[in-house]
Amino acid sequence: MPLPAPDLRLYLEELERFADGQLSAAEQEAFETRLETDPALYQAYQQYEQLTADLRWVAGHETLCQRLLALDQRLDQRQLALSRVRRRQREQQRRWGVLVGGVLLALLGLWLMWRPAAPSAANSWNRYYQPEAGLSDSVVREGKRPLLAEAMRLYREGQYPPALQALQRIPTNAIGQDTLTYYNGIFLLSQDDPEQIQAAQPFLRRVATQASSPLAGRARYHLGMAYWRNQQTTAARNTLRAVSNDPRNPYQEAARRVLRSDVLKE
Amino acid sequence: MDTPQQLAEVLTSLRVGNQSFLVQFYEQNRTLFARWARRQHQLEPPAAHELLRTVLVEFYDQVADGRLTKVPDNVRAYVYGLADEQVRAARTTARLPAHESGRRQHLLALFRTLGLDCQKMLMYFYFRGYHFEKMAGKMGFANANVARMQKSACLRKLYELRLRAAV
């Protein structure tokens with residue numbers, strides 16, 4: 001019949017010292033002898049061994065539980081930190097995006113405000129075109145040629161269509177044909193209308209090709225300018241080059257100025 | 001895990017108390033497992049994490065008890081299966097009283113009532129196998145003798161708890 005389980009507390013200290021290797025050689029020898037002779041001690045020893053075996057299992061179980069729990073917390077913290085870092089990065093990217101966008105917009109605004117204005121065709125025309133002065137009153141002699149005087153007055157006032165109408169009413173025997181043709185071309189050219197400028201070309205060409213006419217050189221200049229205004233740059237360049245090479249042409253310097261500028265470059 | 005040899009090594013190392021395989025498994029599979037548990041059992045991530053921890057401890061217990069003598073070919077499938085079983089059992093019936101009545105489970109319950117320092121010391125000594133000097137260093141005791149006496153007191157306390165519970 002097995003003995004009732006002894007109270008381990010009575011033996012616990014020496015059992016532990018034995019199990020933990022704390023006994024001296026003599027003590028250990030004595031303890032081992034007692035284990036063989038004292039059934040109660042032996043039973044306590046067995047009980048102790050079972051308790052510590054169970055405790056080893058419990059300790060292993062609990063260690064793993066705690067390690068996993070600690071790891072879980074660490075992973076949660078890492079995840080939290082990562083998401084915080086990502087959020088911060090996104091915010092920073094957004095901030096930079098806004099900043100860069102703002103700077104670009106500001107630069108665009110500044111460029112729009114201060115960009116060098118491209119020379120417009122109208123500006124270039126006004127800059128380089130030297131208009132015909134028209135016939136002077138002494139030449140016109142108003143008393144004798146009232147319509148011519150009227151046409152010149154209207155031309156000088158910038159009223160080109162009425163000036164043209166007045167010019168067209170002048171009888172052909174009152175004024176030279178080349179003069180009439182020339183001013184027809186001039187009045188048409190002075191109007192800011194591509195069709196009229198196109199229409200001016202035949203008149204001016206006709207006078208320019210009349211070598212005997214004193215107006216031929218002047219007509220050549222206005223013809224060259226008419227070509228330019230109609231974007232016929234090659235014809236304009238060639239015609240103006242002829243003007244610039246003609247020392248008797250009153251528009252020689254004006255033609256040279258146009259040729260020196262880059263307005264006639266294709 | 002790859003080869004059967006490696007699997008066998010896992011079993012051996014778990015038996016001698018090297019738990020790193022399970023710790024690594026938890027670290028690598030936690031997120032994946034939480035997704036699976038959400039889909040399969042509508043568990044929120046914290047509950048899924050707890051379930052995985054419970055299942056891994058159960059796996060470890062099976063190895064330590066000798067209930068599991070061969071590591072399954074597919075550890076992940078086995079762990080997921082355990083989790084599945086655990087959730088279904090929890091849904092259909094309460095925990096089996098027999099589970100609670102096991103001697104080791106009983107001791108585990110008593111162990112958890114000990115103070116944290118006592119738990120730590122007994123784990124260091126009986127699981128990690130620290131000698132008294134190392135334990136003294138870990139616990140901040142003056143010397144190994146103090147550590148030995150403290151460990152002894154803790155063991156006595158646990159034994160007394162068990163005696164009291166048996167009455």
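Mentor: Happy to! Helices (H or I, at least four residues) and strands (E, at least two) are taken as DSSP runs, numbered from the N terminus. On that basis chain B has 9 helices and 0 strands, in the order α-α-α-α-α-α-α-α-α along the sequence. Keep in mind that this is a predicted model, where local features need pLDDT of at least 70, side-chain atom pairs count only at pLDDT 80 or more, and totals for chains, interfaces and linings use all residues. Residues are numbered from 1 along each chain as its sequence is written, while chains are lettered from A and ligands numbered from 1 in the order in which they are written.

Of the 167 residues of chain B, 25% are buried (20 or more other C-beta atoms, placed from the backbone, within 10 Å of the residue's own). Two residues are in contact if their C-beta atoms, placed from the backbone, lie within 7 Å. Among contacts in chain B with a separation of 6 or more, 54% join residues 24 or more positions apart.

Now look at α8(B), residues 132-139, against α9(B): their axes are 8 Å apart, at an angle of about 85°. Axes here are lines fitted to C-alpha atoms, for helices over the stretch in contact, and angles run from 0 to 180 degrees between N-to-C directions. The two helices are therefore roughly perpendicular (65 to 115 degrees). From α8(B), F132(B), E133(B), M135(B), A136(B) and M139(B) meet A144(B), V146(B), A147(B) and R148(B) of α9(B). By class this contact has 7 nonpolar, no polar and 2 charged residues, where Ala, Val, Leu, Ile, Met, Phe, Trp, Tyr, Cys and Pro count as nonpolar, Asp, Glu, Lys and Arg as charged, and the others, Gly among them, as polar.

Turning to the partner, 29 residues of chain B are in contact with 26 residues of chain A. On the chain B side, α2 (20-41), α3 (45-65), α6 (103-111), α7 (116-128) and α9 (144-166) each supply at least two residues. The largest share, 7 residues, comes from α3(B). This side of chain B divides into 16 nonpolar, 5 polar and 8 charged residues.

One crossing to inspect there pairs α6(B) with α3(A), residues 39-114: the axes come within 9 Å and cross at roughly 60°. The residues involved are D54(A), L55(A), W57(A), V58(A), H61(A) and E62(A) from α3(A), with R103(B), R104(B), L107(B), L108(B) and F111(B) from α6(B). They divide into 6 nonpolar, 1 polar and 4 charged.

Terms used. Buried ≥ 20, exposed ≤ 12 C-beta atoms within 10 Å, placed from the backbone. Parallel < 35°, antiparallel > 145°, perpendicular 65-115°, else oblique.
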